[in-house]
Amino acid sequence: MKIKGFGINADALKEDDLGQKKFDLDCLARNLEHFTDMDFDFVEIPLHRLEEISDGSFSPSHIEKIRRILSSFPFKYTVHGPDPLNLKNKEDISSQKENLIKSIEFAHALESEILVFHAGKYAAFKILNSSGSRRQEFSRRTIEKMLALEREMLYTAAERAEELGVTIAVENIQPYLDRSPYCYSELLSLLREQVDAVNHPNIGITLDVGHAFLSASFYRFNFIDEISKTVPYIRHVHIHDNFGRVTKTSENGGTELMAEGYGDLHLPMGFGRIPVDKVLSLLHHCPCVILHEIHSSPKEYTKEALKLT
């Protein structure tokens, strides 16, 4: 087996001349047009960013509009599920499950074989942040109950995904100085354990290389060794660069931190410290899409990143 191709997230390009960051269907079409001369095979559609469906409405008319836009370009597509989805949220589990199923069906409508899913947090960030400077603690028993609930929900969703030819690829996420551990998938080892426990052919891993690099710095594990152990589970890859410097939740995404090289920067590969050659040598035979997940990058930088891979 070998990689299926290289891709880019649909919202990768720098915001418009007015400094606006909205991402609607017009912006989607403009970005796809820009990507046509960059030799990408895939484009990833981020449900949490696309204004027309970010509220979870998934109306048939909006889906059809998106399908028409996408069909006019020569790409294949992957789908990133909504960031707020959390299958550990037992108070709202029916709504969370419904939105996951809708996301799977949306991916199928776009002929995507992959739905990226963020592993559930032990509590939503609005709750974590309400504790101020105090780090929230969760008992082992509470965590085990939340993990079991997520496994149950993932297995049910994977049954629907199997019917539609979609794989749910659970993504590892980055640590924070003031909140970690807030999710098991900060550690690739625990993410592998959860995927093993779900034990369904339509559940795999989205390896986020940038997040793993930050976690390796924070938890002091061997970055390359952990990726090597994860390779058999990988169904999708997000690749982007940073300097391995972890921030607090309140600092994530600040321009001043970017200037100093802190945080989950989502830089084009080659702009940070991740050993891209070593990573790619491990992924060369993975049957997956290697997707450049870049934030607000000038077009020429995006081209340079693709050359490195």
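Glu 64 is partly exposed at 35% relative accessibility, where buried denotes under 20% relative accessible area, exposed over 50%, and partly exposed the range in between (1.4 Å probe, protein chains only). The model under discussion is predicted: local features need pLDDT of at least 70, side-chain atom pairs count only at pLDDT 80 or more, and totals for chains, interfaces and linings use all residues. Residues are numbered from 1 along each chain as its sequence is written, and side-chain values use heavy atoms, with hydrogens and water left out.

Glu 64 takes part in a salt bridge with Arg 67, with 3.6 Å between the closest N and O atoms; the term requires a side-chain nitrogen of Lys or Arg within 4 Å of a carboxyl oxygen of Asp or Glu. Arg 67 is likewise partly exposed, its relative accessible area being 36%. Both residues belong to helix α2 (residues 60–71) and are 3 residues apart, about one turn of the helix. Helices (H or I, at least four residues) are DSSP runs, numbered from the N terminus.

In helix α8 (residues 223–230), Glu 226 and Lys 229 are also 3 residues apart, about one turn of the helix. Their salt bridge has its closest N and O atoms 3.7 Å apart. Here Glu 226 is buried, with a relative accessible area of 10%, whereas Lys 229 is partly exposed at 49%.

A further salt bridge joins Arg 179 to Asp 178 at 4.0 Å, N to O. Arg 179 is buried, with a relative accessible area of 4%, and Asp 178 is buried at 15%.

Salt bridges also link Glu 105, Arg 160 and Glu 163 in a network. The count of salt bridges comes to 11.

How values were computed. Helix = DSSP H or I, 4+ residues; strand = E, 2+ residues; numbered from the N terminus.
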